[in-house]
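The structure comes next, followed by the points grouped by topic.

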Amino acid sequence: MTGKSQGVLHSPNYPSGYPPNLFCTFKIITHDAGHRIKLEFNDFSLRPPVHGALKQCLDYVDLNNEYYAGGSTYICELSHCVFCGSEKPVTAFSDDNYITMIFKSGSISSSYFYRGWSVSWYNER
């Protein structure tokens, strides 16, 4: 999405449950120098992580080029964080003038039992 100063994105079929086997990429770009993207999740309901030796998210939202401060079920490495489960992530900000959001759902059809997600985004200084 380019050319807007704010908007709302949501998972496919939100809030009626998302289908399995999805791989969606959303890229938000502002062309204003010195601006960044702010993301605020309005709702977040994904399949919880699989627990074991390593926590693994089968359905997840992956934010790239952001910094993030605490909250939710997440795994952060370098400049991206992965979120799953039902706790809403706190506000995220991009490091630069763009942010990429990936949504993936696994092959298990139980994903229909979860609402998915809705996120508001803003272009700010």
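Among contacts in the protein between residues at least 6 apart in sequence, what percentage join residues at least 24 apart? The share is 76%, where contact means heavy atoms within 4.5 Å. This is a predicted model, in which local features need pLDDT of at least 70, side-chain atom pairs count only at pLDDT 80 or more, and totals for chains, interfaces and linings use all residues. Residues are numbered from 1 along each chain as its sequence is written, and side-chain values use heavy atoms, with hydrogens and water left out.

**Overall**
- Of the 125 residues, 46% are buried, that is, under 20% relative accessible area with a 1.4 Å probe, counting protein chains only.

**Asn 123**
- Asn 123 lies in strand E10, which spans residues 116-124.
- Asn 123 is buried because its relative accessible area is 17%.
- Beyond its neighbours within four places in sequence, Asn 123 contacts residues including Lys 4, Asp 32 and Arg 36.

**Strand E3**
- Seven of the 10 residues in E3 (residues 36-45) are buried.
- E3 pairs with E10 in the antiparallel sense over nine bridges; strands pair if DSSP finds at least two bridges between them.
- In E10, Ser 120 is opposite Glu 40.
- E3 also pairs with E8 (residues 92-94), antiparallel over two bridges, and Ala 92 in E8 is opposite Leu 39.

Notes. Buried < 20%, exposed > 50% of the residue type's maximum accessible area, 1.4 Å probe, protein only. Helix = DSSP H or I, 4+ residues; strand = E, 2+ residues; numbered from the N terminus.
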